[in-house]
Amino acid sequence: MHYVYLLESDAFGGQRYIGLTANLKKRLADHNAGKSPHTSKYMPWRLVTYVAFSDIEKARAFEGYLKSGSGHAFAKKRFW
(Lines give C-alpha, C1' and ligand atoms only; values in the text may rest on other atoms or scores of the structure.)
Protein backbone atom coordinates (compact mmCIF):
# COMPACT_ATOMS: atom_id res chain seq x y z
CA MET A 1 0.00 0.00 0.00
CA HIS A 2 0.98 3.62 -0.55
CA TYR A 3 -0.17 6.33 1.83
CA VAL A 4 -0.77 10.02 1.30
CA TYR A 5 -0.63 11.52 4.76
CA LEU A 6 -1.34 14.87 6.37
CA LEU A 7 0.61 16.02 9.41
CA GLU A 8 0.17 19.01 11.70
CA SER A 9 2.74 20.38 14.10
CA ASP A 10 1.79 20.19 17.77
CA ALA A 11 4.27 22.91 18.73
CA PHE A 12 3.71 25.38 15.89
CA GLY A 13 0.04 25.92 15.13
CA GLY A 14 -0.75 26.13 11.45
CA GLN A 15 2.35 24.27 10.27
CA ARG A 16 1.19 21.41 8.07
CA TYR A 17 2.83 18.84 5.85
CA ILE A 18 1.56 16.53 3.12
CA GLY A 19 3.62 13.51 2.10
CA LEU A 20 3.65 10.09 0.48
CA THR A 21 5.10 6.86 1.87
CA ALA A 22 4.82 3.08 1.78
CA ASN A 23 5.50 2.78 5.55
CA LEU A 24 3.36 5.25 7.47
CA LYS A 25 4.52 4.39 11.01
CA LYS A 26 8.20 4.62 10.10
CA ARG A 27 7.73 7.87 8.18
CA LEU A 28 5.91 9.55 11.08
CA ALA A 29 8.65 8.36 13.44
CA ASP A 30 11.27 9.81 11.04
CA HIS A 31 9.48 13.19 10.99
CA ASN A 32 9.36 13.23 14.80
CA ALA A 33 13.02 12.18 15.05
CA GLY A 34 14.13 15.15 12.95
CA LYS A 35 15.26 13.05 9.97
CA SER A 36 13.47 15.25 7.46
CA PRO A 37 15.14 18.66 6.98
CA HIS A 38 11.86 20.26 5.90
CA THR A 39 9.90 19.21 8.98
CA SER A 40 12.55 18.97 11.71
CA LYS A 41 12.15 22.55 12.94
CA TYR A 42 8.41 22.10 13.60
CA MET A 43 8.50 18.89 15.68
CA PRO A 44 6.58 17.16 17.11
CA TRP A 45 4.12 16.17 14.42
CA ARG A 46 0.80 14.42 14.73
CA LEU A 47 -0.96 12.45 12.05
CA VAL A 48 -4.20 14.16 11.04
CA THR A 49 -5.34 11.72 8.37
CA TYR A 50 -4.13 9.41 5.64
CA VAL A 51 -5.50 7.85 2.47
CA ALA A 52 -4.29 4.42 1.32
CA PHE A 53 -3.79 3.52 -2.35
CA SER A 54 -2.82 0.22 -3.92
CA ASP A 55 -1.51 2.05 -7.02
CA ILE A 56 1.56 4.29 -6.57
CA GLU A 57 0.63 6.49 -9.53
CA LYS A 58 -2.79 7.25 -8.05
CA ALA A 59 -1.15 8.05 -4.73
CA ARG A 60 1.32 10.43 -6.42
CA ALA A 61 -1.49 12.10 -8.32
CA PHE A 62 -3.51 12.61 -5.13
CA GLU A 63 -0.51 13.98 -3.26
CA GLY A 64 0.12 16.41 -6.12
CA TYR A 65 -3.51 17.46 -6.09
CA LEU A 66 -3.47 18.14 -2.33
CA LYS A 67 -0.41 20.34 -2.83
CA SER A 68 -2.16 22.38 -5.56
CA GLY A 69 -4.34 25.43 -4.98
CA SER A 70 -7.67 23.66 -5.28
CA GLY A 71 -6.26 20.69 -3.36
CA HIS A 72 -5.32 22.98 -0.46
CA ALA A 73 -8.90 24.25 -0.37
CA PHE A 74 -10.25 20.68 -0.47
CA ALA A 75 -7.92 19.53 2.33
CA LYS A 76 -8.77 22.56 4.47
CA LYS A 77 -12.48 21.86 4.15
CA ARG A 78 -12.36 18.06 4.46
CA PHE A 79 -9.25 17.04 6.40
CA TRP A 80 -7.85 19.80 8.59
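Tutor: Let us begin with Gly34, which lies in the loop between α1 and β3, where helices (H or I, at least four residues) and strands (E, at least two) are DSSP runs numbered from the N terminus. This is a predicted model, in which local features need pLDDT of at least 70 and side-chain atom pairs count only at pLDDT 80 or more, while totals for chains, interfaces and linings use all residues. Residues are numbered from 1 along each chain as its sequence is written, and side-chain values use heavy atoms, with hydrogens and water left out.

Student: Is Gly34 buried, partly exposed or exposed?

Tutor: The classes rest on relative accessible area, with buried meaning under 20%, exposed over 50% and partly exposed in between, for a 1.4 Å probe and protein chains only. The relative accessible area of Gly34 is 30%, so this residue is partly exposed.

Student: Which residues does Gly34 touch, not counting residues up to four places away in sequence?

Tutor: Contact here means heavy atoms within 4.5 Å. His2 is 32 residues from Gly34 along the chain, and the C-alpha atoms of the two are separated by 22 Å. With residues up to four places away in sequence not counted, Gly34 touches Ser40 and Met43.

Student: Which residue does a cis peptide bond join to Met43?

Tutor: Most peptide bonds are trans. The bond in question has an omega of about -5 degrees and is cis.

Student: What is the relative accessible area of Ser36, and with which residues is Ser36 in contact, leaving aside its neighbours within four places in sequence?

Tutor: Ser36 has its place in the loop between α1 (24-32) and β3 (45-53). Its contacts, leaving aside neighbours within four places in sequence, are Arg27, Asp30 and His31. Asp30, whose place is in helix α1, is buried at 12% relative accessibility and touches Lys35 as well as Ser36. Ser36 is likewise buried, and its relative accessible area is 7%.

Student: What is the radius of gyration of the protein chain?

Tutor: The protein chain has three helices and three strands, in the sequence pattern β-β-α-β-α-α. The radius of gyration is taken over C-alpha atoms, and the globule rule is 2.2 Å times the number of residues to the power 0.38. For 80 residues that rule gives 12 Å, and the chain's value is close to it, so the chain is as compact as a globular protein of that length, with a radius of gyration of 12 Å.
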